[in-house]
Amino acid sequence: MLGVVILALMPRWTSDYHVSVLLDVLMWVALTESWIILSGYTGYISLGHAAFFGLGSYFMALTWPKLPFLLGILLAGTLSSLFALIIGLMVFRVRGPYFVILTLGLTEFILHVVINLEIKLGGTVGRILMGAPDLVTLYHAMLAVAIAAVIVAYLVKNSRFGAGLFSLKEDEEAANALGVNTTLQKWVAYVISAFFPGVVGAIMALRHSYIDPYNAFDPMVSFQVIVMAFLGGMEEVEGAIGGAVLLTLVSEALWARYPYYYMIMIGVIMIVTVKFMPLGLVAPFKGRLLARLADGSRNGA
Amino acid sequence: MDWTRILQILFTGLIIGGIYALIAVGLNMIYGTMRLLNIAHGEIIMLGAYVTYWLYTLYGISPLVSVVAVMGIAALVGAVVCRWIFFPIISTTKSVSVLESNSLLIFYGLSIIFTNVASLLWTTDARGYSYLTNVVNIFGVPLMQNRLWALGVSFAVCVFFYVLLQKTMLGKAIRALIQDRDASLLVGVNPDGIYYFSFAISFALAGLAGCLLSMFYEITPFMGLPYTVTAFIVIVLGGLGNVLGSLVGGILLGLVETVGVSLTSPGWRPILSYSLFILIIVLRPRGIFGKGVY
Amino acid sequence: MLEICSVSKSFGGVQALELVEFAVEKGEIAGLIGANGAGKTTLFSVISGFHAPSVGKVRFKNQDITGWKPHWICRQGLVRTFQVVRPFPRMSVLRNVTIGKLYGKQRLKDEKRAEREAYEILEFVGLAHKAAYPASGLTIADRKRLEVARSLAAGPELLLLDEVLAGLTPAETAEAMTLVREINQRLGITIFMVEHVMKAVVGLCDRVMVLHYGCKIAEGTPREIAADPQVVEAYLGEDLEI
């Protein structure tokens, strides 16, 4: 709670540069938390987060400044969820590697549809957003989104609904046989998960005051989110915050000065971590805890 | 539309389709035998293209000669990646879903390493060279000689692959491993050897494709991802794990794209192929031949 | 309670079930036997909604459930176990059973209560002392117990048991048979079981149906079945001694 107040007051004490770094951190927290709601809790690895991010961005680009800021970002999230609702009919007909490829393919599909529409309508592909809200407003909005994402991820994980998601992650047919409506569960998780990248995309469109299809639907966003979630243990709410903060700060420190070296380093870190800690940075501690619990019950029995 | 135009489209479709087939067969080999999705596949193509480019511009070595070196290097890289990265994690990871996401992360790591090493060494400028650009007339269709070479090489390799998988003991062992891992182990198939072989062959084919593509397309460090996605489309068309299906799927996609583009405009190419991909994956997830392996 | 009306099922040209007719009465233990590949598990999958029958109908409590989704059938009180047991491996034993309480027939909203009731079921099947174990760490016999416990948590009126005795030692088999009988008598749950262990079929079942290459070739009390010449022929070489 105190942390939230401090974060909210940060802009009073620090420079614009630090606020913009924090804004980035919060963006990745929101994206990662929302991603684990579907992919972390059910094991359906989605490479489609960038699609929702891009849709949110484009909604904002098309409606700004006709719609007020708050309404705009909320509608962007709603649109994104609505889209997930529709394609959820389709994507959950497949699982495993098919799901991974399909979500990646859908993102690229939307990217190219948008490029073609933009060329047809405007002749060019980029859009400039005039008169965006100031940095502090955007920062506060992003803080609210990140907090909401963390809370939702936490609530889902600890609810009856979450128990169903985790059971279908373990064994979809067995869960189904026990009365879990697995299709509906995945679908709802997808719709919830899609809301946040929509909102985040809308805020970031205003933050950069410029968008084009390539940066709005950048597949890097989808991949980066997986890396962060992985570092945090894939299904851990706190871990996802940790992964997002860690990677964003490292990137902030190195990216501007040594972009290529930084990216190479990230690649090496990923390979090394996956090789030596296949369950992420948090899991070893959690594993020890579980082992201790099991020991305790064995001694007690 | 006259006959020459139709033949022209057909040839172009076969040329690009042959290359798609090469790319997809390799990707599908690794998926089929090890259940790994290599999203760094396109980056191997990119590296193959760069090596060919440098050998040609610096030393004047013909792409049709350097292709041997490119394939050798790529195969070596594949074997090393297999040995140092995938053997350890396959032996320690029990859960399929963890293996799936972890291999995705590792390949993603490889892909950003390759892309950025290339950017660092050779800048992000687009490069290209011209080689064998003289035009030959085939059935009245004017075609550049380098494209004819690409067509010839890719089809020769496809035929070679078909024979290898259908007629040889090694091919039978590979197909057995793909179809039923446990049963094939029981009858004495050595999976480790086949894993090495799959990685080496897969990377070599990607290098070959890069070599051929470099003769007529621009080379950049970022050229890989679109090819990876295209290869995914092809293996879904032909059936995931159905290696021979990928040969047909690749050529089919090449033809569909070329015909589609000739009827609409080049901007529609990705939209056409992605629509086809989404339709197939939703309506016939086991591929058009219906024999894919989950 | 359960009526299987001329059910057929084919998979791409292979006829797995052909015009199977059977009824399970409330309160009984019915058995289903047959050689490997006779279509026993396929029949269970059709009943529990994992496969739609090609032809025919399945009725449960006088309601047509043909083509219903598995989770919906489960919530009506028809629960199956799997031949190869499928506990949720990374969850604790208690959590496994709690899922059944949260999502089965009762669909409890209160997790505390679900957990309490799940624990009672673990006590009933004799697995309470391992409640906190991860399910992946259990022995085969305990996994089977867990599979049964989890299905009980889903609140069955009719329980389909798919070879719960297979692979158990003689001592474990005896314990498991007692458990099946208790589920039937103390909890009043009707049971329809696929079983290979003939001793168990004879000891437990009131009535038995025999499948042979997808067709029903006999139906009756275990003794009648054992005397049936067609059954003996189908089982040629297998031990049908009682």
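Two residues are in contact if their C-beta atoms, placed from the backbone, lie within 7 Å. By that rule, the contact between chains C and A takes 28 residues from chain C and 18 residues from chain A. On the chain C side, α2 (70–75) and α3 each supply at least two of the residues that touch chain A. Helices (H or I, at least four residues) and strands (E, at least two) are DSSP runs, numbered from the N terminus. By class, that side of chain C has 15 nonpolar, five polar and eight charged residues. Here Ala, Val, Leu, Ile, Met, Phe, Trp, Tyr, Cys and Pro count as nonpolar, Asp, Glu, Lys and Arg as charged, and the others, Gly among them, as polar.

This is a predicted model: local features need pLDDT of at least 70, side-chain atom pairs count only at pLDDT 80 or more, and totals for chains, interfaces and linings use all residues. Residues are numbered from 1 along each chain as its sequence is written, while chains are lettered from A and ligands numbered from 1 in the order in which they are written.

Two pairs of chains are in contact, and chains A and B share the most contacts. Chains B and C do not touch; their nearest C-alpha atoms are 10 Å apart.

Now look inside chain C. Four strands form an open sheet there, ordered β2-β1-β4-β5, with antiparallel pairing. Two strands pair if DSSP finds at least two bridges between them. β2 (14–24) and β5 (63–64) of chain C are the edge strands, each pairing on one side only. Five bridges link β1 (residues 2–11) of chain C to β4 (residues 55–60) of chain C. Ile4(C) stands opposite Val58(C) in β4(C).

Next, the helix pair. α3 (residues 93–103) and α5 (residues 140–153) of chain C pack at about 30 degrees, with axes 6 Å apart. Axes are lines fitted to C-alpha atoms, for helices over the stretch in contact, and angles run from 0 to 180 degrees between N-to-C directions. α3(C) and α5(C) are therefore roughly parallel (angles under 35 degrees). Val93(C) and Asn96(C) are among the α3(C) residues making the contact, and Leu146(C) and Ala149(C) among those of α5(C). The residues of this contact divide into five nonpolar, three polar and two charged.

Four bridges join β1 (residues 135–138) to β2 (residues 141–144) of chain B, and the strands run antiparallel. Val135(B) stands opposite Met144(B) in β2(B).

Note on methods:
Parallel < 35°, antiparallel > 145°, perpendicular 65-115°, else oblique.
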